[in-house]
Amino acid sequence: MTDEIQLLRDFRSDIPAPDEETVRRAYRYATRQPRAARRLRLHAPRSNQGRILAVAAATAAVALVGFLATPGRTRNPISSTGVAGGAVGSAGVALANPFALNDAPSALGAPLFLPYTPLLKPADAASTAYEQWCASASPGAPAQVCQVTVNFPAQSVQIVYSVAAKQWPPQYQNYVTDPLAFYQSEMQTSTNPDKQIVYLNGIPAFLARTKDPNSAGSFIQFRLAEYAVIVFAQNYDPTQTQELAQSMVDQASSASP
Amino acid sequence: VEYSFDRVFEAEYRPLRGYLYRRLGSGEADDLAAETFAIAYRRWSELDPSRSVRPWLYGIAVNLLRHHWRKERRMLRAYARSGLDSVLSEDNDASVERADAQAYRRTLAAALAELRPVEREILLLHAWADLTDAEIAEALSLPPGTVKSRMHRARERIRNRLAAGGQVEVKALTATAEEQR
């Protein structure tokens, strides 16, 4: 049986390599302008207006697998309920179907706190837009990090919760174990002109406007209980986005014994 | 992972240019590849070192490619009709000799032309750029589940088109569905 992907791979496969002058010319062209300073980012909002939510969903998924170099397949070992079938991508990431928000705590092993503010309430979450996936470091290996994304389409808000299966992989250590130091580093290296470290009941958080000139959006990232959380708000200014995060922290505080 | 622009350029320029070449031919490929890296250079600060650089890079390239989707479709249709592939003939004066006797290539070109642009993008990022579903999702700013479903649909369309031309057997849909789970 001939596989159509193999046929595609053969299709136009005999293209010539570029000559060295073409390569040099491309390099000169690319580097002819000053470059912005290097910046460490957890999630990079894209410049495509109106797509920040979709981008966040995709980047949130891939953020987990940036450190996963080896393709593989795994089921979600965290879930005791076999959440959403756990379809698996080729990069060691379980790509699950949307699942009910109520299933999230049992699936992830930690309660999920949603904002409850005049701007946005848990009931605003789209029942069909939750996505959950898990990442493992190698084929067949247990998942290291799992993630739930909750969308609030009417408000153009998306919240991404990441949780470690057992312990955070090394790539996460810098901002998981010492988030304040991570955010301070962000403050020094980021070229984003509108950024700040804020405190949510004593929890440090990194708050910034998106760099998208076409968007009035902002995002905030912080640790909350077992989770590393990022709130993307396409239409909210930093103060409003901080309000959402503050509400989440307040609920977590009131829920803790 | 700390990326240096020079190392990324060294590692990724040729594959990316090759990908673009296969899409639009050498002239456009040279321009778009250079522009992709120019944008990458300007936006270097946005690159997340905890992630693979390739989806980010191909995401930039795809945004540039979008402006050429219609042209690409015209080229594929022309290839399907004439058997002359303008993508390959640019570097070959004896283009007539490239008139492809293998019917499946023309069928394949027709099938690619018939795909929706995003489906074509997903399929070719997989087949030609070797991106994973998750990487394609990031490159195209799509949810991973959407990438999987569209990949499935695109493959099915290609397969059916080729099958109609007698080039490949049609896999049982149940097997395909199982594969996509």
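The questions and answers that follow go through parts of this predicted model.

Visitor: How many helices and strands are there in chain A, and what percentage of its residues count as buried?
Guide: In this predicted model, chain A holds seven helices and eight strands. Its accessible surface comes to about 10,600 Å², of which 51% belongs to carbon and sulfur atoms. Of the 257 residues of chain A, the share that counts as buried is 54%.

Visitor: Where on helix α6 of chain A do its buried residues fall, and within what arc?
Guide: Helix α6 of chain A covers residues 179-189, and its buried residues are Pro179(A), Phe182(A), Tyr183(A) and Glu186(A). Seen down the axis of α6(A), these buried residues line one face of the helix, because they fall within an arc of 95°.

Visitor: Is Arg17(B) buried or exposed, and what is its relative accessible area?
Guide: Arg17(B) lies in helix α1 of chain B, which covers residues 5-24. Since buried means under 20% relative accessible area, Arg17(B) counts as buried, with a value of 5%.

Visitor: Which side chain makes a polar contact with the side chain of Arg17(B)?
Guide: Apart from residues up to four places away in sequence, Arg17(B) touches residues that include Pro16(A), Ala17(A) and Pro18(A) of chain A, as well as Ser26(B) and Ala33(B) of chain B. Its side chain reaches the backbone oxygen of Pro16(A) at 3.3 Å. The side chain with which that of Arg17(B) makes a polar contact, at 2.7 Å, belongs to Asp30(B).

Visitor: What separates the C-alpha atoms of Ala29(B) and Tyr19(B)?
Guide: Ala29(B) is found in helix α2 of chain B, residues 26-42, and counts as buried at 0% relative accessibility. Leaving aside neighbours within four places in sequence, Ala29(B) is in contact with Arg17(B), Leu20(B) and Tyr21(B). Ala29(B) and Tyr19(B) are ten residues apart along the chain, and their C-alpha atoms are separated by 8.0 Å.

Visitor: How far apart are the axes of α6(B) and α9(B)?
Guide: Helix α6(B) meets Ile158(B), Arg161(B) and Leu162(B) of α9(B) through residues among them Tyr104(B), Thr107(B) and Leu108(B). The crossing is right-handed. Helices α6(B), residues 103-114, and α9(B), residues 144-164, pack at an angle of about 145°, with their axes apart by 9 Å.

Visitor: What is the phi of Arg12(A)?
Guide: Arg12(A) lies in the loop between α1 (4-10) and α2 (20-30) of chain A, and it is buried, with a relative accessible area of 2%. Its phi is positive in a residue other than glycine, with a value near 55°.

Visitor: What is the relative accessible area of Ser156(A)?
Guide: Ser156(A) is found in the loop between β3 (143-152) and β4 (157-164) of chain A. Although Ser156(A) is not a glycine, it has a positive phi of about 55°. Ser156(A) is buried, with a relative accessible area of 12%.

Notes: Residues are numbered from 1 along each chain as its sequence is written. Chains are lettered from A and ligands numbered from 1 in the order in which they are written. This is a predicted model: local features need pLDDT of at least 70, side-chain atom pairs count only at pLDDT 80 or more; totals for chains, interfaces and linings use all residues. Side-chain values use heavy atoms; hydrogens and water are left out. Helices (H or I, at least four residues) and strands (E, at least two) are DSSP runs, numbered from the N terminus. Buried means under 20% relative accessible area, exposed over 50%, partly exposed in between (1.4 Å probe, protein chains only). Accessible areas come from the Shrake-Rupley method with a 1.4 Å probe; for residues, only the protein chains shown count as cover. The arc is that of the directions from the helix axis to the C-beta atoms. A polar contact is a pair of N or O atoms within 3.5 Å; within protein, one must be able to donate a hydrogen and the other to accept it, and residues adjacent in sequence count only if both atoms are side-chain atoms. Contact means heavy atoms within 4.5 Å. Axes are lines fitted to C-alpha atoms, for helices over the stretch in contact, and angles run from 0 to 180 degrees between N-to-C directions. A crossing is left-handed if the near helix is turned anticlockwise from the far one by less than a right angle, and right-handed if clockwise.
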